[in-house]
Amino acid sequence: MNLVINDLTKIFHKGAAPALDHVNLALEPGIHGLFGRNGAGKSTLLGVMANRLLPTSGHVALDGENVRDNEHALARIYLANETTPFLMPPRVSAFLRNEGRYYGGIDAESAARMLAEFGIDTAAMYGGLSLGRRRIVRLVAALCLPVDVVLLDEPVNGLDAANRERFYRLLIESYAERPRVIVVSTHIIDEVAQVVERAVILDRGRVVDVFDAGDVASRATVLVGDDARVAAFVAAEGLQPVATERMGRLVTVTVRGGVDARDVPDGIAVSGLGLQDYFIRVTGADDARTAAGDGRISDIVDGKER
Amino acid sequence: MDVTKKTIRSGRQGRVMARRCALLYAAMVGVGAVLAMAGAVARYAALRGGFPRVPLFADWLGNGGASNVESLMGGMLFAGGVIWFVAFVGPELCHGVARRPLVAAPALCGTIAAALSAGAMTLAEIALVDQSRIVSGSVWSRAYSLWGNDLIMMPFSYRFLYAWQLIPTSTGGIEETSGIIPGGWLFLAMACFALMLMVTALGMLAGAAVVWVCEGGMRRVVPGVCVTVAACVAGMELFLFNSSVTVYWVASAMTGDVIRYMPNWNERHLYIAWIPLVESLVLLAVCVLIVLRLTLRREVHDSRRGLV
């Protein structure tokens, strides 16, 4: 089972910048983290995958079937985001039952157990729940439906720390019970880094990197030292700078790939990056250039100079 | 398999959606039927000389009778289309329902609802007219006297019980009319169905248009309102405040009332039920095509823009 996104472009208004710009992705069963800055196109991508938004060009295919207006494929895809998929808020149990009608049933027992962990009674009125609890109900529905693709758009928005941990645990348990494609789009990267297997970074509608979350240390290296010395080393080794920060003569350069500390000359400090830091560097390249303004080290992202 | 081709396959979601659509139209027809029944019972009792007590809200149904029922059921079917596209299509898209069935379902359910409404109204009126004949020995009973004794003043579908009516220009009242023709009730039912089908189609179009306009923000709302106002004014200028005989003739013919002008400008009105029936089918087809085009581009943005 695989979900393939092929050359997907989405332009909302004529003449506007594309919200998605020739996105290509292949998602195998696993928990995928979808990361991007505000306005990067994460929600748009998930919306197109769930047929709520229409692509300008390109397509999304599930096991070779185009999902656009294809109920056979869409019956296997569920998107949980801020949009409440009903008009009048029903009871929680009625909401779960209704979702089950569309997707061939719902694991009511598991749903009740999960909700009980969060202290939510299935007999409660959805409208009477707090913002966070309403979000939890929709997340539980997403995890308990028999679908092959679960798309979670900022799932932990509004959840307190304890409930976030609870959710991550239930997410892993649910995946272990039923391996499928799960895409989690979130800004709380450090927390979800422990959960996701693969990371997809989106920036201004383009995929800038896709990698195994455990290999993030090999994606980039931070070099700190004298501006001239670091520049010379980067040029000599043919490294690709991703981001640059300057403080006087001291420069911090993030370069693509791993760098062996034994190869680094004295006076230059080497360190790895966590997922969040790597994400910030990769997507903050233009901000850094704007701040620095001197371009002594080119800001190159994805092998192309901007 | 060529993945670039859109694969239109209906599934479980479509069936669940169709059930909800059917329930919506059933509810609209049901509410209308209950109110209409209250009025019919009141009129029936009045014909038999009784003075039934009816709730105040149903009082108006008992007086005029059939024309109010036509308006009532037509209004409910129109509202059904509007409610479907404004309130239901968004949630259905969130559940993986394809866009094409979202138009096919209300078209089919609306057509069935229109047929059922027309059938029920016809049967109710058959009973009432029969009762009126029993009471007064004439079709021109108390039940109809409120409209005067003029077919033009009758509810839309009633005139098709008759083949023709002669209206002299000097008096403006009926000089002559044919009796209820054999099969007249069939023609009444056809005309009633045509009317119900038209409002169903227009309701769908209105609902889809409202959503399309609102989705576009002020860029579409302002021109949309202007176009609507302009269309209403143009329609009124053309059909209401126009003394052109040709325009009047065409407008009448479009309702199934074909006028033949005789010497001294006397008018012989011929009632042809096929005309509104064919028009209603054409209108339904046109409305469905337009609504389909609008709905195929319908999107559900996240809650920042609202679901409805």
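Okay, some housekeeping. In this predicted model, local features need pLDDT of at least 70 and side-chain atom pairs count only at pLDDT 80 or more, while totals for chains, interfaces and linings use all residues. Residues are numbered from 1 along each chain as its sequence is written, chains are lettered from A and ligands numbered from 1 in the order in which they are written, and side-chain values use heavy atoms, with hydrogens and water left out.

Let's start with chain A. Chain A has 10 helices and 16 strands. Along the principal axes, the C-alpha atoms of chain A fill a box of roughly 65 × 40 × 30 Å. Of its 306 residues, 53% count as buried. Buried is under 20% relative accessible area, exposed is over 50%, and partly exposed is in between, using a 1.4 Å probe and protein chains only.

Now have a look at one sheet in chain A. Four strands make an open, antiparallel sheet in the order E2-E1-E4-E5. Its edge strands, pairing on one side only, are E2 (20–27) and E5 (65–66) of chain A. For two strands to pair, DSSP has to find at least two bridges between them.

On to salt bridges, meaning a side-chain nitrogen of Lys or Arg within 4 Å of a carboxyl oxygen of Asp or Glu. Over all chains, the search finds 19 of them. Take Asp21(A) and Arg206(A), where the closest N and O atoms are 3.1 Å apart. That pair links distant parts of the chain, strand E2 and strand E10 (residues 206–212) of chain A, 185 residues apart. Is Asp21(A) buried or exposed? Asp21(A) is buried, at 16% relative accessible area, while Arg206(A) is partly exposed at 45%.

For another, look at Arg169(A) and Glu173(A), whose side chains meet at 3.3 Å, N to O. Both sit in helix H6 (residues 161–177) of chain A, four residues apart, about one turn of the helix. Arg169(A) is partly exposed at 34%, and Glu173(A) is partly exposed at 35%.

Then there's Arg246(A) with Asp227(A), at 3.2 Å, N to O. Arg246(A) is in strand E12 (residues 241–247) and Asp227(A) in helix H8 (residues 227–237) of chain A, so this pair ties together parts 19 residues apart in sequence. Asp227(A) is buried, with a relative accessible area of 6%.

Let's switch to chain B. Here too there's an open sheet of four strands with antiparallel pairing, in the order E2-E1-E4-E3. The edges are E2 (176–177) and E3 (257–261) of chain B. E3(B) and E4 (residues 267–271) of chain B pair over five bridges, with Ile259(B) opposite His269(B) and Tyr261(B) opposite Glu267(B). These two strands form a hairpin with five residues between them, and Asn264(B) in the turn has a positive phi of about 65 degrees. On its other pairing, E4(B) meets E1 (residues 164–167) of chain B over four bridges. How many of the five residues of E4(B) are buried? Four are, so to speak the strand is mostly covered. Helix H8 (residues 245–254) of chain B lies across E3 and E4 of chain B, at about 140 degrees to E3(B). That angle is between N-to-C directions on a scale from 0 to 180 degrees, with axes fitted to C-alpha atoms, for helices over the stretch in contact.

Last stop, the interface. Contact means heavy atoms within 4.5 Å, and 39 residues of chain B are in contact with 33 residues of chain A. The two chains bury about 3300 Å² between them, 51% of it on carbon and sulfur atoms; that is the accessible area (1.4 Å probe) lost on being put together, summed over both. The count of salt bridges between the chains is two, one of them joining Glu299(B) and Lys10(A) at 2.6 Å, N to O.
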